[in-house]
Amino acid sequence: GRGGPRPAGQGAGQEPVRSGGLPEGVEYIPTRKKGKNPMKPVGVAWYSLYARTRLGYLFYQRQVKKARERYPHGHSVPQPYCFPGVKILPIPVLSNNYSYLVIDTGSSQAAVIDPSDPLAVQAAIEEEGVMLEAIFCTHKHWDHSGGNEALCQKHSSCRVYGSALDAIPRLTNPLADREKVAVGCLTFEALATPGHTVGHMVYVLDGGPFGSPPCLFSGDLLFLAGCGRPFEGSPETMLASLDVAVRLGEDTLLWPGHEYALECLTFASLLELDNAALEQKLQWAVQQRQEKRSTCPSTLGEEQTYNPFLRTHRPELQEALGLWQAAGEDPDAFRARVLKEVRRRKDLYQAT
Ligand SMILES: [Zn+2]
């Protein structure tokens, strides 16, 4: 064995498992090259090393160090987002990750989602003058969980939430699907969204009490116009997880784990040539990024107009990919096929 929990597909959509014990699609290597993609298609063993061994941690530490040198003030200009009683502060970390500090402004209690770089998160905590009560970790990858240890040392009462299926550093409170957690007046709901990793979870902040829409902290499940790689799950599993997100409703604000808008929108526009919403969002994103502004949040309603990973049911996308539903083919099985093809093309696009 490789020492970690064995990746599992879900339900009937079990995928072919290779001799190495990892599912199809697990073919990525963390490279040491500078560039926007920390992973590159090379070999099964490398993903295992990154995700499950000390080597991965060393690689992560190097990433943190380099990013601090390259972006002393972060890769993007942080833009706090406030509604009465709540403040959401995106913290740009590493070369394209976001951690989020979510503050109950009444009690100054706060939670952080995916603290990759503990120094950047600690600086925000001090700047805001808040108490860190909880860390919500979407998944085990170091660029989302690497700061847990240091922050827990500094904030001894801080709880660490996440799935027990992922090896999350310092996990104190394993969560079940749909479990709710209160931090001050804030209520977060955890939703199991496997695919990128077996234990991937997203967190939904209930906006109801504050008269705001729900806020989805999506980790590596969903990005603006993009979707995380299914390292530990089949296309069927990933599709089911994306459907979980979509069911949150169109007004839901999307706070993703990475600033990938430009490359994702560019890729999407190569797939769908005649999509006005996509064209418009791309132009907007170009503007935003020229000024180093963050592109989040978008809404799930918007995402469904341009994000190809959420458009597997759309005939225009299916046609653009040259895919047709076979007679008698289950609609979800067909959508999974569409998703797999979008993913394949995205990986090819990124490899070039
Ligand atoms: Zn990840």
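Reader: How are residues numbered, and what pLDDT do local features need?
Author: Residues are numbered from 1 along each chain as its sequence is written, and side-chain values use heavy atoms, with hydrogens and water left out. In this predicted model, totals for chains, interfaces and linings use all residues, side-chain atom pairs count only at pLDDT 80 or more, and local features need pLDDT of at least 70.

Reader: How many helices and strands does the protein chain have?
Author: Helices (H or I, at least four residues) and strands (E, at least two) are DSSP runs, numbered from the N terminus. Counted that way, the protein chain has 11 helices and 17 strands.

Reader: What percentage of the residues in the protein chain is buried?
Author: Buried means under 20% relative accessible area, exposed over 50%, and partly exposed in between (1.4 Å probe, protein chains only). The protein chain has 352 residues, and the buried share is 56%.

Reader: Among contacts between residues at least 6 apart in sequence, what percentage joins residues at least 24 apart?
Author: Contact means heavy atoms within 4.5 Å. Of the contacts in the protein chain between residues at least 6 apart, the share joining residues at least 24 apart is 59%.

Reader: Which residues have the most contacts inside the largest nonpolar core?
Author: A nonpolar core is a set of buried Ala, Val, Leu, Ile, Met, Phe, Trp, Tyr and Cys residues joined through side-chain atoms within 4.5 Å. The largest one has 26 residues. Another core, of 25 residues, lies apart from it, and L216, L222, L317 and L321 are among its members. In the largest core, the residues with the most contacts are I88, V102, F136, F188, L205 and F217.

Reader: Where is W255 found, and which residues does W255 touch?
Author: W255 is found in strand 16 (residues 253–256). W255 is buried, with a relative accessible area of 1%. Not counting residues up to four places away in sequence, W255 touches Y81, I88, P90, Y100, C215, L216, F217, S218, C296 and P297.

Reader: Is the peptide bond from C296 to P297 cis or trans?
Author: Most peptide bonds are trans. P297 lies in the loop between helix 8 (276–290) and strand 17 (298–299). Omega from C296 to P297 is near 5°, and the bond is cis.

Reader: Is R178 buried or exposed?
Author: R178 lies in the loop between strand 9 (173–174) and strand 10 (180–183). R178 has a positive phi of about 75° although it is not a glycine. Its relative accessible area is 56%, so R178 is exposed.

Reader: What is phi of K292?
Author: K292 is in the loop between helix 8 and strand 17. At 36% relative accessibility, K292 counts as partly exposed. K292 is a residue other than glycine, yet its phi is positive, near 60°.

Reader: How many residues of helix 7 are buried?
Author: Helix 7 is mostly covered. Its buried residues pack against strand 15 (226–227), helix 8, helix 9 (300–306), helix 10 (315–321) and helix 11. Of the 11 residues in helix 7, the number buried is 8.

Reader: At what angle do the axes of helix 7 and helix 11 cross, and what does that make helix 7 to helix 11?
Author: Axes are lines fitted to C-alpha atoms, for helices over the stretch in contact, and angles run from 0 to 180 degrees between N-to-C directions. The axes of helix 7 (residues 261–271) and helix 11 (residues 331–351) come within 11 Å and cross at roughly 120°. Angles under 35 degrees count as roughly parallel, over 145 as roughly antiparallel, 65 to 115 as roughly perpendicular and the rest as oblique. So helix 7 is, to helix 11, oblique.

Reader: Which residues of helix 11 meet helix 6?
Author: The axes of helix 6 (residues 235–246) and helix 11 come within 9 Å and cross at roughly 100°. The two helices are therefore roughly perpendicular to each other. Helix 6 brings P235, E236, M238, L239, L242 and D243 to the contact. From helix 11 come D332, R335, A336, L339 and K340.
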